[in-house]
Amino acid sequence: MKRGRRDAAVAGYTGDAATARALLDDDDPAVRATALGALARAGALRPGDVEGALTDVDPAVRRRACEEAIAIPDVDLLSVLTDPDSSVVEAAAWALGERGAEASVAVDALVRVAGAHDDALCREAAVAALGAIGDRRGLDAVLTAASGHRPAVRRRAVVALAAFDGPEVEAALRTALEDRDWQVRQAAEDLLAD
């Protein structure tokens, strides 16, 4: 591990917020990402730190910012759902799902990602987030994903259906019992058994 990154990690474990904050501007993106995590570990992470990292030129730093934003609901992750790097979009969707119901302002944006993103991992993360949030505005997107082409997205959608109820949910779960992917079938069976 390079010295700057090690210094940032140590700062997090020793509560040295000043050192960690100074390393947020390091030339090395790995150091900047580690410094962000160090500030969180030290209990000194500010919304401005995360917001700045969400606009970093390096996707690894933006991904780390998404992870750290989970605990800071004042940080808006909506704009990151349109990031040019798919791994950042996936991290933002995951973070919004981790926020749960308090992320309901993001439902419409997550629906767009779930239905139209080029990357299947982004669609999968958005579907999972919609299930974690549990807002009925996301139900149609989850139902659509449950009958999609990618098995991983279908599996995630079936699990996300646990957050919803109604005849359309029951019908989707019954259809999933016949899916060609055994994990989709198993998830549907488990949910119908409850």
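Visitor: What share of the contacts in the protein with a separation of 6 or more comes from residues 24 or more positions apart?

Guide: Contact means heavy atoms within 4.5 Å. In this protein, 54% of the contacts with a separation of 6 or more join residues 24 or more positions apart. Please note that this is a predicted model, in which local features need pLDDT of at least 70 and side-chain atom pairs count only at pLDDT 80 or more, while totals for chains, interfaces and linings use all residues. Residues are numbered from 1 along each chain as its sequence is written, and side-chain values use heavy atoms, with hydrogens and water left out.

Visitor: How many helices and strands does the protein have?

Guide: Helices (H or I, at least four residues) and strands (E, at least two) are DSSP runs, numbered from the N terminus. The protein has twelve helices and zero strands. Its C-alpha atoms fill a box of roughly 55 × 30 × 30 Å along the principal axes.

Visitor: Which residues of α12 are buried?

Guide: Buried means under 20% relative accessible area, exposed over 50%, and partly exposed in between (1.4 Å probe, protein chains only). Val184, Ala187 and Ala188 are the buried residues in α12. Seen down the axis, the buried residues of α12 fall within an arc of 95° (taken from the directions from the helix axis to the C-beta atoms), so they line one face of the helix. As a general idea, an α-helix has 3.6 residues a turn, so residues three or four places apart point the same way. The face of α12 turned away from the buried side carries the exposed residues Trp182 and Ala193. Among the elements covering the buried residues of α12 are α10 (151-160) and α11 (167-176).

Visitor: Is Glu124 buried or exposed?

Guide: Glu124, in helix α8 (residues 120-133), has a relative accessible area of 15% and is therefore buried. Beyond neighbours within four places in sequence, Glu124 is in contact with Ala152, Val153 and Arg156.

Visitor: Why does Ser79 count as exposed?

Guide: Ser79 counts as exposed because its relative accessibility is 54%. This residue lies in the loop between α5 (59-69) and α6 (86-99).
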